Amino acid sequence: MNRTPETGFGPTRGAGRGVGSPESHESAAQHVTGTALYTDDIAVGDGRTLHAWPVQAPHARAEILSVDVEPARRVEGVVRVLTAEDVPGTNDAGVKQDEPLFPDTVEFYGHAVCWVLGETTEAARRGAEAVSVEYEPLDSLVTLSEAIEAGSFQGRRPVLSKGDAAAGLERSARRFSGSFEFGGQDHFYLETHASFAFVDEGGQVMVHCSTQHPTETQEIVAHVLDLASHEVTVQSLRMGGAFGGKEMQPHGFAAVAALGATLTGRPVRLRLTRTQDMTMTGKRHPFAADWEVGFDDDGHLTALRATITSDGGWALDLSEPVLSRALCHIDNAYSIPDVEVQGRIARTNKTSQTAFRGFGGPQGMLIIEDILGRCAPALGVAPDELRRRNLYSAGDITPYGQPVRHAERLEDLWGQLEERGDADRRRREIEEFNAANPHTKRAMALTPVKFGISFNFTAFNQGGALVHVYRDGSVLINHGGTEMGQGLHTKMRQVAATALGVPLGRVRLAPTRTDKVPNTSATAASSGADLNGGAVKDACEQIRGRLAEVAGRRLGVHTEDVRFSEGTVIGLGQGSMTFDEVVRDAYFQRVQLFAAGYYRTQGLHWDAARMQGEPFKYFAYGVALSEVEVDGFTGAYRLLRTDIVHDVGDSLSPLVDVGQVEGGFLQGVGWLTLEELRWDVSEGERRGRVLSQAASTYKLPSFSEMPEHLKVHLYERATETGVVYGSKAVGEPPLMLAFSVREALRSAVAAFGPGDVEVDLGCPSTPEEVFWAVRRAREARRTTRDHAAPRAGASAESAPAPAAVRG
Amino acid sequence: MADPLQITVNGELRTTEGLPPRVNLLDWLRSLGLTGAKEGCAEGECGACAVLVARPDGPERSRWTSVNACLPPASSFDGQEVVTAEGLGTAGAPGVSEDLHPVQREMAERGGSQCGYCTPGFICSMAAEYYRPERAPREDGADAHCGANGFDLHALSGNLCRCTGYRPIRDAAYELGEPEGEDPLRRRLGRGAPEPRPITVRSEESAFSRPRTFEELLRAYAEETDALLMAGATDLGVESNIRHLRPRLVLAIDHLSELRELSFSDDVVRIGSGVTLSEVERLLDGRVPLLAQLMPLFASRLIRNSATLGGNLGTASPIGDAAPVLLALDASLVLASAEGERTVRLSEFFTGYRETVMAPGELIRAVEVPMSQLPTTAFYKIAKRRFDDISGVAVAIAADVEDGTFREVRIGLGGVAATPIRASATEDALRGRPWTAETIADAAAVMAGEGTPMDDLRASARYRSAMLEESLPRFFAEFAAVEVEGASR
């Protein structure tokens, strides 16, 4: 396989090969010419289409006493107002019966009470303004700490444990404790939620929806409308980004559009404005953690005891599995002998927090990375060294009882990255730079990622496909996965091209629809290529097996000696024929040229009550080395350079995989340093309102936040057995490579101080947070100089009294 | 009845009748089936809606200029030439062979698109930079802001991508060559841009009008003093899209030569209030260093291509970035009305939160910046994001330090009071004092108390005060070497 797994492929479109070839996104030409269609582009009007607009409640929590829609009906262009009375089936937008589509009680500021349909968006909006709702405001819980204090929790309260954490802490030579609260993240997919629904000539409800989970969208539309699943078809052509935000959240919007379409007999389009999207839909869960940790004299982790609380918002949504994944990733890549972590989900009057790339994993891992970053100075071990010393090695077992497959890769990746990143030389240069610059400091940090692949919920680990070979030898594939930009369709074409031995150009892909492949899992948990690739490969191999018999007879060789490659079918030692010829022969011999493929991940088991088992097929690994420069006057910083070595197994599609690594990394940088969700937590009228509700107040990374130098290397000789063509999942794991940036910031802040005291850094680590940390570091230096007193961190001494790192 | 709206899109004349003034260019384009441009934020922050417009580059030439289509009313483009991503090249389809524009080809081949939603906007911003006449290969190779091919990455500062992490987009930009001689869009640069046409469009609720002459504008504004003036619509568009403002009358002032002059005399630079910020940047060409320092930090290229100084000052926002700089430059404003003209110093222009001395029917005609300027200047914008963010605090400093003494100093501040302000007490604490760390420390303590900073989602009040305090030591550190040199002269 000839590939260049570095960043910066040359121009690559047109290589046109199967698995392992760097290929552009399969829709790249449509993307760049503006001809790729998204849900709301399909809905661009024929004049019959109606437009939907919500009535959003202006209270964090309130009883709805009455809804008067009459004034809206009088607004010109308003066609219908949808309320709870219109629902023929179940008034619920979720799967847990805790998310009424039209609520009686307002549970968060901006909660949609009802929806107005108009001839234009303007008419629907004016209609929504005219709807008169009488509210009885109720007390609300907006912050995580308010909810904890009030004992407001929801869902299960799992405990992850291994060994005896209390005894482990007791035995530890060094003990620390602290707390850490950090923020969530808005998905800010560039395409906001969109659905377009109509009833076709056969009475079937057709819904075009920007959804990661067409099957669940279909089921929820069906239960709201009181229809059977076969009466509803959902198509997800492509999404303008999703990142987990369209796994559960689209269903209610699709149901509203479908309800409107059935009641009016006209197509209904629903697309949220950015502010509606940011005020109505769930986000990454914020978390709070209280922890105690122990180390031995050499800086090896000995024990961890913690309580972690997520802010689930008003409804459960996916908060339980998100919490499970957070618990299962609190070890990140580190071996901890004794562990006890309690998890719980706070119920607050906020949007219902949901899946977001990493699905709780990043939050769990952030906690241990923060702990290591804070404790390193007191332990007298450089943070990079402290991390390396604690990496899992071969034979280790996770706190949930799963052997860490390929743990030895961590040390190998680490060594490779040190070398590729020229780390030793740069560490010396940074020291020189810092000695010469009182107002500007630089630092580097190296952090690892270990991320478990598979849905924790075992049943979701299945995929389906339907592959057609037409009589002319061209191939059309359908599979259950959705395309949100991650390149799944590109990979699936490559899988089919390789499995059938045809050029990539012979394989086309049909839009993802529930009437082609049913009962699909969400395209989530990084599993899209594993599950659907397995299914596509299975279907192709069935067809290829039949074709091999046809070709074998014709070429006079045993079936096992037939090879399929680039459109040619070779009988070993006996000549060849074209793929198209074999297909034609097969048709005339009445051989089936299409097949349904199916895949389920083998060997998984999970006891959710005990939090024990082997929930993951394998682990994806990666390491990142980032260098930052911090300005002491403002706390502003620049990301100078990042080097990454990441393990994607044998890459199915290297250009796509590098794109996932880089994009995930920068999205993580955004979460950890820049993107700050703010709610009004005052007791005023607008309590509970999302303050950062637009692109002007919620800042994503722009080109100025990317590293000035970025090099990604895909780990070589990385075959993962039992997964499609030896590949590994890549969607989520790279997000957590961004820890290297936050830890580098922490080290740069430390360089303003005496160097051996703890640096507590708020998260997201915005310039303001970094500035305050610099001030504290400088004060610590002054204190040290003036009094020559023992430093707070350095005096954090051995057991029994836990020396509080904080609080 | 008004004349139908006529706009040339991708070389084809499109005619629309009865379009309400509230309909923006983006929605109008999409209604034609040109759905490449997308709405990502509807406030000019994300660039998913970017398109190209032929704008004047002197009377004889044009410039392909990228703008946010989500902000301006479609009506304001009457008579204009617009190009969208669909018009630059074509993807292959049955009966159509693939013919990608160089910008599109680089983006497609290098992995510049993932979900593709932001891509058409990026393509347009990138194409504008591709055709920028001044773009030329550089001797010293590429850096973080400019390619070896002269591609200024700030051209993309108003485009957000959530998928790629930008590296492949930067690679695509830096690999672009020169437009070929026969490239029709390059050839188009050799002719003047179409004049914006005087037009009046009405719906039941509102009207949009572009007066023929400056006198006509002043008359209309005297009669309809609640009319909103619009140049680039970068503020009006946000008000319309986000807060659903439906003004009774919008008067477009984007074309009037009286407002579009930029001239130098011995005493002052006079900048017409309708000159776009990109034009100011280009025409001043670094001659007012403090303005040159401001420009790359002022919103994004997409916004600067439409926004004007007149708009930034006229809205009297306490967080506008132009005011602190112009206060430090001791600028004045030429105000005009049907009654005549008067000149007001900027330091006396703002009277309260979003209030000014302008009388009903009065507008800003020009900004006058004195030519003789204090030689040592700095502009500090404190924000979360390095570019294209809104200031938490903005500090502009202009000083004359001679023989080791502050002879004169002016400091303009934004984001710390209901209006942009001069830091007068701090100026007093510096003026006449020696250039020493002691002076700076004393003045920094005064600076920390300037204004009445508030807590909001951009910054805490405490951080704002700290940023005021830190700005003087920062200035001192930045110029220490220079001034020491000067003192020994």
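Strands here are DSSP runs of E, at least two residues long, numbered from the N terminus. With that in hand, look at S66(B), which sits in strand 4 of chain B, residues 61-68. One caution before going on: this is a predicted model.

Is S66(B) buried or exposed? The cut-off for buried is 20 or more other C-beta atoms within 10 Å. S66(B) has 30 of them within 10 Å, so it is buried. Which residues does it touch, leaving out those up to four places away in sequence? S66(B) touches A50(B), L52(B), C124(B), S125(B), A128(B), R301(B), L302(B) and N305(B). Take L302(B) from that list. S66(B) and L302(B) are 236 residues apart along the chain, yet their C-alpha atoms are separated by 5.9 Å.

Now V103(B). This residue belongs to helix 3 of chain B, residues 102-109. V103(B) has 27 other C-beta atoms within 10 Å, so V103(B) is buried too. Beyond its neighbours within four places in sequence, V103(B) is in contact with L88(B), I123(B), M126(B), A127(B), Y130(B) and L176(B). V103(B) and S460(B) lie 357 residues apart along the chain, and 42 Å separate their C-alpha atoms.

Next, the interface between the chains. Here 70 residues of chain B are in contact with 67 residues of chain A. Which helices of chain B supply at least two residues each to that side? They are helix 2 (85-88), helix 3, helix 4 (119-130), helix 5 (167-174) and helix 16 (461-487). Helix 16 of chain B gives the most, with seven residues. By class, the chain B side that touches chain A splits into 33 nonpolar, 19 polar and 18 charged residues.

On to domains. Chain B is assigned domain 1 (1-196) and domain 2 (375-489). Their centres, taken over C-alpha atoms, are separated by 39 Å. Chain A is divided into domain 1 (41-139 + 193-271), domain 2 (287-455 + 609-787) and domain 3 (462-600). In chain A, the C-alpha centres of domain 1 and domain 2 lie 38 Å apart. Their contact takes 16 residues from domain 1 of chain A and 19 residues from domain 2 of chain A. The domain 1 side divides into five nonpolar, five polar and six charged residues.

Last topic: helix packing in chain A. Two packed helices are described by the angle between their axes and the distance between the axes. Start with helix 15 (residues 488-500) and helix 16 (residues 528-555) of chain A. Their axes come within 9 Å and cross at roughly 25 degrees. Helix 15 and helix 16 of chain A are therefore roughly parallel to each other. The crossing is right-handed. Among the residues that meet are L488(A), M492(A) and V495(A) from helix 15, and V536(A), C540(A) and I543(A) from helix 16. That contact counts ten nonpolar, three polar and four charged residues.

Compare helix 16 with helix 17 (residues 579-588) of chain A. These axes also come within 9 Å, but cross at roughly 95 degrees. Helix 16 and helix 17 of chain A are therefore roughly perpendicular to each other. Helix 16 of chain A brings R546(A), L547(A), V550(A), A551(A) and R554(A), while helix 17 of chain A brings V582(A), V583(A), D585(A) and A586(A). Six of these residues are nonpolar, none polar and three charged.

How values were computed
Residues numbered from 1 in each chain as written. Chains lettered and ligands numbered in written order. Predicted model: local features only at pLDDT ≥ 70, side-chain atom pairs only at ≥ 80, totals over all residues. Helix = DSSP H or I, 4+ residues; strand = E, 2+ residues; numbered from the N terminus. Buried ≥ 20, exposed ≤ 12 C-beta atoms within 10 Å, placed from the backbone. Contact = placed C-beta atoms within 7 Å. Axes fitted to C-alpha atoms, helices over the stretch in contact; angles between N-to-C directions. Parallel < 35°, antiparallel > 145°, perpendicular 65-115°, else oblique. Left-handed = near helix turned anticlockwise from the far one by under 90°. Nonpolar A, V, L, I, M, F, W, Y, C, P; charged D, E, K, R; others polar. Domains from an automatic or database assignment.
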